[in-house]
Amino acid sequence: MVIAKPEWFRKKKGFFSFEMTWQGAVYLIATVSLIFIGILLPENMIISIIITGLFLFLFFDMMYASLKSMDERAKMHYSIAMRNAAWGMIITMIMFSTILYSFNDIKANLGVLIITTALVGGIINFATRYKLEKDS
Amino acid sequence: MLVEIMKTNIKQYRKELKMTQEELAEAVDVTRQTIIALEQGRYNPSLTLAYRVTKALKRRYIEDVFSLEEID
């Protein structure tokens, strides 16, 4: 962890609850804001690279700090959920790319491909962790 | 076919110490959901966690708290 600290993102009390200190909330808002800043700023290769790099840095730093605050059972659930999500994303990318390729339309719909893949990954991650939590 | 399951006496010892699940969870640095899963035998803890739970329940041996049983 470079900036984010595990105590900013405390362990959950229930599946849908998440304790976060004001530092954690500020960190999260700053990370999410970069997405909107990237959308609102005029298109420029260098600015895009900087914003993307900054977002990825803050995002992974926050994820690592959150992981550190999880107990062993939560980490196990998270690992299983991420594995399932990864497979789902790979399958989605292959299927979607194949469909777009057959219509010679990959370049135009790259953004849609990325967003769909991320959404599928997020849904599978959430569903897996919910099921594991319910089962145990 | 024999299946191994983890049995625990966590609830019994916790009640003897008049401890809530939340208090035990705080003592061993896990969530209350993990304590619930442990008490119900739905989660097999790591050795480190098993030692911490045993210590928090003021028991001397891990075997007092956790035992492995075989059922058919």
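The legends below describe close-up views of a predicted model.

Local features are given where pLDDT is at least 70 and side-chain atom pairs where pLDDT is 80 or more, while totals for chains, interfaces and linings use all residues. Residues are numbered from 1 along each chain as its sequence is written, chains are lettered from A and ligands numbered from 1 in the order in which they are written, and side-chain values use heavy atoms, with hydrogens and water left out.

**View 1. The helices of chain A.** Chain A has four helices and zero strands, and its pattern along the sequence is α-α-α-α. Helices (H or I, at least four residues) and strands (E, at least two) are DSSP runs, numbered from the N terminus. Of the 136 residues in chain A, 24% are buried. Buried means under 20% relative accessible area, exposed means over 50%, and partly exposed lies in between, using a 1.4 Å probe and protein chains only. Among contacts in chain A with a separation of 6 or more, 62% link residues 24 or more positions apart. A contact means heavy atoms within 4.5 Å.

View 2. Helix α2(A) covers residues 45–69, which is 25 residues. From its first C-alpha to its last it reaches 36 Å, close to the 36 Å expected at 1.5 Å a residue. The expected span is 1.5 Å times one less than the number of residues. Which residues of α2(A) are buried? They are A:I51, A:L58, A:D61, A:M62, A:A65, A:S66 and A:S69. These buried residues pack against α1 (22–40) of chain A.

**View 3. A:V32 and A:L58.** A:V32 lies in helix α1 of chain A. A:V32 counts as partly exposed because its relative accessibility is 35%, whereas A:L58 is one of the buried residues of α2(A). In sequence, A:V32 and A:L58 are 26 residues apart; in space, their C-alpha atoms are 9.4 Å apart.

**View 4. Helices α3 and α4 of chain A.** Two packed helices are described by the angle between their axes and the distance between the axes. Here α3(A) (residues 72–102) and α4(A) (residues 110–135) pack at an angle of about 150°, and their axes are 7 Å apart. The angle is therefore one that makes α3(A) roughly antiparallel to α4(A). Axes are lines fitted to C-alpha atoms, for helices over the stretch in contact, and angles run from 0 to 180 degrees between N-to-C directions. Angles under 35 degrees count as roughly parallel, over 145 as roughly antiparallel, 65 to 115 as roughly perpendicular and the rest as oblique. The crossing of α3(A) and α4(A) is right-handed. A crossing is right-handed if the near helix is turned clockwise from the far one by less than a right angle, and left-handed if anticlockwise. The contact of α3(A) with α4(A) involves 15 nonpolar, ten polar and three charged residues. Ala, Val, Leu, Ile, Met, Phe, Trp, Tyr, Cys and Pro count as nonpolar, Asp, Glu, Lys and Arg as charged, and the others, Gly among them, as polar.

View 5. A:T128 is found in helix α4 of chain A. Is A:T128 buried or exposed? A:T128 counts as buried because its relative accessibility is 12%. Apart from neighbours within four places in sequence, A:T128 is in contact with A:I80, A:A81 and A:N84.

**View 6. Helices α2 and α4 of chain B.** Helix α4(B) covers residues 47–56, and it packs with α2(B) at an angle of about 125°, with the axes 9 Å apart. The angle is therefore one that makes α2(B) oblique to α4(B). Their crossing is right-handed. From α2(B), the contact is made by B:L24, B:A27 and B:V28, and from α4(B) by B:L49, B:R52, B:V53 and B:A56. By class, these residues are six nonpolar, no polar and one charged.

**View 7. Helices α2 and α3 of chain B.** The axes of α2(B) and α3(B) come within 8 Å and cross at roughly 105°. The angle is therefore one that makes α2(B) roughly perpendicular to α3(B). Residues of α2(B) in the contact are B:Q21, B:E22, B:L24, B:A25 and B:V28, and those of α3(B) are B:R32, B:I35, B:I36 and B:E39.

View 8. Most residues other than glycine have a negative phi. The phi of B:K18 is positive, near 55°, and that of B:D29 is positive, near 65°. B:K18 lies in the loop between α1 (10–16) and α2 (21–28) of chain B, and B:K18 is exposed, with a relative accessible area of 73%. B:D29 is in the loop between α2 and α3 (32–39) of chain B, and B:D29 is partly exposed at 49%.
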